[in-house]
Amino acid sequence: MLTVSSLQKSFATDQGRLNVIDDVSFDVPEGQCYALLGPSGCGKTTTLRCVAGLEEPDSGRIEIAGRVVYDSALGINVPTHQRPIGIVFQSYAIWPHMDVFENVAYPLRVARPRIPKAEIEQRVMDVLALVGMKDVARRPAPRLSGGQQQRVALARAIVRRPALLLLDEPLSNLDAMLREQMRKELADLIARIGVTALFVTHDQAEALSLAARVAVMHKGKIAQEGAPRDIYSQPRNVFVAEFLGASNILDGRIISSDGAQALVEVGAGQRLRAKTPLPAGSAIKLLLRPERLSVSLHKPVDDSLRAQVSSVGFTGPTVDCSLTLDGAPIRVVAPADTPIKAGDEVWLTPLDRNGMVLAA
Ligand SMILES: Nc1ncnc2c1ncn2[C@@H]1O[C@H](COP(=O)(O)OP(=O)(O)O)[C@@H](O)[C@H]1O
Ligand SMILES: [Mg+2]
């Protein structure tokens, strides 16, 4: 439904041309929700604006629903209003002088060829029902809560039944509680209407929970792309590992390897097994996720790592423990009933041996 190929975009700045998108390519199949995830300034919004036709790329190719909307080589650049898209921006930009109904009806009223009045009425009410706003159809826009404005913006974006829905940080204006609720509503709605969606966020939990596939962006490039579980459990590099969640990352070295399983040395000569294709002698980074380590007072397996507990913070469902491993700080999130306290000598064991070894 969306194919972006070799997209390139730079801006003129005081320091010369700034490369903002550098050779970005990805595909979004019909009905899928795809997330561009990355820190502020990595090029997410610019990518989305290029897809929308609000920004002209330097080069590359963009295809929406089987139609080329941009191709630098062929000189094609279809204007925004002729692209089959709906957009929800970070600021909802719903019109304050209109009520809910008119906000949503607007894209239909300006559509050419003209849509009959009765059909507009029907389609607006249908889409308002879909987002749970039918009862407030005649409420003035300024009297809506943040969550309601969000729904109106969404309704307005989908009322023309676009082939592709583009969402730029759609939940970032909401407070934390509402954001969680709207995230679930949005996931539910996208699934129900089966729309293809490209959405942009800096919030890893949002991307991982909403999207079928996620592209992690870093400095204008896609650092890694994949299903949420795969990129979380098997990050390709330190940037992706750290951006997707709290991590312990230790310097290490591969002592020996059979090509699939390796013996890794970390700290002051402690050793553990890990799965990696990297050869013996490689300097590596060892990724130990805080919630993927078991803590025990007795050594459970021959390659558990010895560590000292500095502090134990009770959070309710878990304990958040600070430890040191041969002087390096390590964080572990363990079940609340884990019987450890500050000063204990403990053993840490990874719950699985995949995805721990990152190229240094
Ligand atoms: N119109 C513009 N002119 C110059 N620089 C821009 C323009 N738009 C965006 N940028 C720069 O491009 C980079 C990427 O911006 P953006 O795509 O908005 O990032 P994100 O959405 O990931 O936060 C930033 O460094 C930003 O300052
Ligand atoms: Mg942005």
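Biologist: Which domains is the protein divided into?
Modeller: Domain 1 covers 2-241 and domain 2 covers 246-359. Those bounds come from an automatic or database domain assignment. Bear in mind that this is a predicted model: local features need pLDDT of at least 70, side-chain atom pairs count only at pLDDT 80 or more, and totals for chains, interfaces and linings use all residues. Residues are numbered from 1 along each chain as its sequence is written, chains are lettered from A and ligands numbered from 1 in the order written, and side-chain values use heavy atoms, without hydrogens or water.

Biologist: What separates the centres of the two domains?
Modeller: 39 Å, taken over C-alpha atoms.

Biologist: How much area do they bury between them?
Modeller: About 700 Å², with 53% of it on carbon and sulfur atoms. Buried area is the accessible area (1.4 Å probe) that two parts lose on being put together, summed over both.

Biologist: Which residues in domain 1 lose the most?
Modeller: Y232, V238 and A241. Together they make up 62% of what the domain 1 side buries.

Biologist: Switching to ligand 1. What surrounds it?
Modeller: F11, V20, P39, S40, G41, C42, G43, K44, T45 and T46. Each has a heavy atom within 4 Å of the ligand. Helix α1 (residues 44-52) gives the largest share of that shell, 3 residues. Helices here are DSSP runs of H or I, at least four residues, and strands are runs of E, at least two, numbered from the N terminus.

Biologist: Which side chains have an N or O atom by a ligand oxygen?
Modeller: K44, at 2.8 Å, and T46, at 2.6 Å. A polar backbone atom of C42 is 3.2 Å from a ligand oxygen.

Biologist: How much of the ligand does the protein cover?
Modeller: 60% of the 560 Å² of accessible area that ligand 1 has on its own. That is by the Shrake-Rupley method with a 1.4 Å probe.

Biologist: Backbone next. Which peptide bond is cis?
Modeller: The one from R112 to P113, with omega near 0°. P113 lies in the loop between α2 (100-109) and α3 (117-130).

Biologist: And where is A65?
Modeller: In the loop between β4 (59-64) and β5 (67-71). A65 has a positive phi of about 50°, although it is not a glycine.

Key: A polar contact is a pair of N or O atoms within 3.5 Å; within protein, one must be able to donate a hydrogen and the other to accept it, and residues adjacent in sequence count only if both atoms are side-chain atoms.
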